[in-house]
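The stops below are meant to be taken in order.

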Amino acid sequence: MHFKKLCNKWNFSTRAAAVVLAFLSAVSLTGASIVKAEASDQLQVSQTPSAHIIGIDPGHQGPNVDMSDLEPLGPGSTEMKAKASTGTQGAFSGLPEYQLNLDVSLKLQKILEDRGYETVLTRTDNDTAISNKERAEYVADQGAEIYVRIHANGAESSSAAGALTISPSSSNPYVPQLYEESDRLSQCILDAYCDATGFDNRGITYADNMTGINWSTIPVTIVEMGFMTNESDDLKMSDPDFQETMASGIADAIDDYFAEKDSAY
């Protein structure tokens, strides 16, 4: 029934009718605003990108873990390599590489998660028996988008110093499809890490004889953070405060990598 006829039927005055009409109009507008706001909220939620997932591999493990059994160098390979090794040790600090790798990886995990990333670690202690092949498979199975392998270097000469990254070559017989993105990831990390730490930039080394690279199905790099046989590198890397700087440099590189990647879409 028409609103005016209703007012006459119910004996409403003109002023009372106007008040009722204004009230009904306000309710209608408020309801429309709520619906619009809810729709806007739903749109914002649907547009929020999911967090990037980062695979982190603290290289090696403790010497009490027997990893001498063999595994294939890559998918379909008849060449076999030891599942893993214990790595090197600080010639001046005495810090084992496996411990340094874990310390920096745990710091990197926290920094990345504070920045909104999700992380997958291949180990969180020194007693985990997981091979290089299994590490690569594990991070990919957990949805990681990139695979950052944390290591430190050693050399016969104590004068060798600085950081480098290791990446699959364009002619890698197992993962040639990963060359371009692995190369970009390696360069991002090398540049940001050396900027943060002040370490010499020794460039990217291309290697196709690394089991952990050859079994990867996502962009992969090995970060050789410095030389544990060099006094300056070794003592800096053994300092927990400096390890924060090292981890921050790697995290900055991951920011750069995804900023470039996301902007391409």
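The tour goes from the whole chain to its sheet, then to helices and single residues.

**Before selecting anything**

This is a predicted model, in which local features need pLDDT of at least 70, side-chain atom pairs count only at pLDDT 80 or more, and totals for chains, interfaces and linings use all residues. Residues are numbered from 1 along each chain as its sequence is written, and side-chain values use heavy atoms, with hydrogens and water left out.

**Stop 1: the whole chain**

Colour the chain by pLDDT, the predictor's confidence in each residue, from 0 to 100. The mean for the chain is 87, and 81% of its residues reach 70 or more. Now select residues 2-24, where pLDDT stays under 50 and the model has nine contacts beyond four places in sequence; contact means heavy atoms within 4.5 Å. Next select residues 29-49: pLDDT stays under 50 there too, and the model has zero contacts beyond four places in sequence. Where pLDDT is low, the predicted coordinates should not be read in detail.

Switch to a cartoon view. The chain has eight helices and eight strands; helices (H or I, at least four residues) and strands (E, at least two) are DSSP runs, numbered from the N terminus. Of the 265 residues in the chain, 45% are buried. Buried means under 20% relative accessible area, exposed over 50%, and partly exposed in between (1.4 Å probe, protein chains only). Among contacts with a separation of 6 or more, 78% are between residues 24 or more positions apart.

**Stop 2: the sheet**

Select the strands in the order S4-S1-S5-S8-S6-S7, which form an open sheet of six strands with mixed pairing. S4 and strand S7 (201-206) are the edge strands, each pairing on one side only. From one strand to the next the twist averages 25°. Two strands pair if DSSP finds at least two bridges between them.

Start with S1 and S5, which pair in the parallel sense over five bridges.

Strand S6 (residues 163-167) pairs with S8 in the antiparallel sense over three bridges, and isoleucine 166 has isoleucine 222 in S8 as its bridge partner.

**Stop 3: alanine 163**

Stay in strand S6 and select alanine 163. Its relative accessibility is 0%, so alanine 163 counts as buried. Leaving aside neighbours within four places in sequence, its contacts include Leu190, Tyr193, Cys194, Glu224 and Met225. Cysteine 194 is itself buried, with a relative accessible area of 8%. Cysteine 188 is also buried, at 10%. The structure holds zero disulfides, a disulfide being a pair of cysteine sulfur atoms within 2.5 Å.

**Stop 4: helices on the sheet**

Select helix H4 (residues 132-141), which lies across S1, S4 and S5 and runs at about 145° to S5. Then select H8, which lies across S1, S5 and S8 and runs at about 150° to S5. Axes are lines fitted to C-alpha atoms, for helices over the stretch in contact, and angles run from 0 to 180 degrees between N-to-C directions.

**Stop 5: helix H3 and what follows it**

Helix H3 (residues 97-114) has 18 residues and reaches 26 Å from its first C-alpha to its last, close to the 26 Å expected at 1.5 Å a residue. That expected span is 1.5 Å times one less than the number of residues. Show the side chains of its buried residues, among them Tyr98, Leu100, Leu108 and Ile111. The elements that the buried residues of H3 pack against include strand S4 (118-121), strand S5 (146-153) and helix H8 (240-263).

After H3 comes glycine 116, whose phi is positive, near 100°. From there, go to serine 50: the two C-alpha atoms are separated by 9.5 Å, although the residues are 66 apart along the chain. Serine 50 lies in the loop between helix H2 (14-47) and S1. Is serine 50 buried or exposed? Serine 50 is exposed, with a relative accessible area of 66%.

**Stop 6: histidine 60**

Finish in the loop between S1 and strand S2 (70-72), where histidine 60 is found. Histidine 60 has a positive phi of about 70° although it is not a glycine. This residue is buried, with a relative accessible area of 13%.
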